[in-house]
Each structure stands twice: as structure tokens, then as C-alpha cells.
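Hi there,

Here is the structure I promised to pass along. Have a look at it, and then read on for what turned up.

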Amino acid sequence: LFEPAFLDCSFGFRPGRNVAMAVKRVLDCRAAGDKYVVDADIADCFGSLDHDLIMRLFGARVRDKRMQALVRLWLDTGMA
């Protein structure tokens, strides 16, 4: 449901993508003349996100109230 909206340059936690594919992408970009690569890992990324905003965006795509409730519980546990 969400996969088509993700950027093609994103490889983390994506089905059908792996480290080797990400490395190849970097090498291809370098061969094309690109000079910089950005790799970011934000500490406590999910914990710092606005859960109400996430739920509004999620709810716009997933109308099932039971699924929304499950995602809300997952976010509220602090384990996201």
C-alpha cells in the first residue's frame, strides 16, 4: 500500500531491496559524477515523531478502524 510512495533512493527496511543494491546505487551515482552520499540514522527517530500526524496520514490511506487502533497501540508502546 505504501511502497509506491517511497523514494527510489531509499533502501532501508524495504521489501526486495538489500545492502548490495544500495552499494550498487552509490557506485552508479559516483560513476555518473555525483560527489556526495548521505547516510543518516536519527537517534530515537520513531519516538520523536508526532504520533497524531502519523495517525492522520495513515488514516488517509487505511480506513479500517481496527488497523488504525493497532497502529496507534504500536506507536504508544514506545517500541516503534
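Phe58 counts as buried, with a relative accessibility of 14%, which puts it under the 20% cut-off for that label. Please keep in mind that this is a predicted model.

Which residue does Phe58 pair with? Its partner is Phe2, and the two rings form a stacked aromatic pair, 5.9 Å from centre to centre with 15° between the planes. Phe2 lies in the segment before α1 (19-31) and Phe58 in helix α3 (residues 51-61), so the pair ties together parts that are 56 residues apart in sequence. Phe2 itself is partly exposed, at a relative accessible area of 28%. A search of the whole structure turned up 1 aromatic pair, and this is the one.

Now for the overall picture. The protein chain has 4 helices and 0 strands, in the order α-α-α-α from the N terminus. Its radius of gyration is 16 Å, well over the 12 Å that the globule rule gives for 80 residues, so the chain is more spread out than a compact globule. Along the principal axes, the C-alpha atoms fill a box of roughly 45 × 25 × 20 Å. Buried residues account for 12% of the 80 in the protein chain.

Best wishes

Terms used:
Residues are numbered from 1 along each chain as its sequence is written. This is a predicted model: local features need pLDDT of at least 70, side-chain atom pairs count only at pLDDT 80 or more; totals for chains, interfaces and linings use all residues. Side-chain values use heavy atoms; hydrogens and water are left out. Helices (H or I, at least four residues) and strands (E, at least two) are DSSP runs, numbered from the N terminus. The radius of gyration is taken over C-alpha atoms; the globule rule is 2.2 Å times the number of residues to the power 0.38. Buried means under 20% relative accessible area, exposed over 50%, partly exposed in between (1.4 Å probe, protein chains only). Rings of Phe, Tyr and Trp (its six-membered ring) pair if their centres lie within 6.5 Å; planes under 30 degrees apart count as stacked, over 60 as edge-to-face and the rest as tilted.
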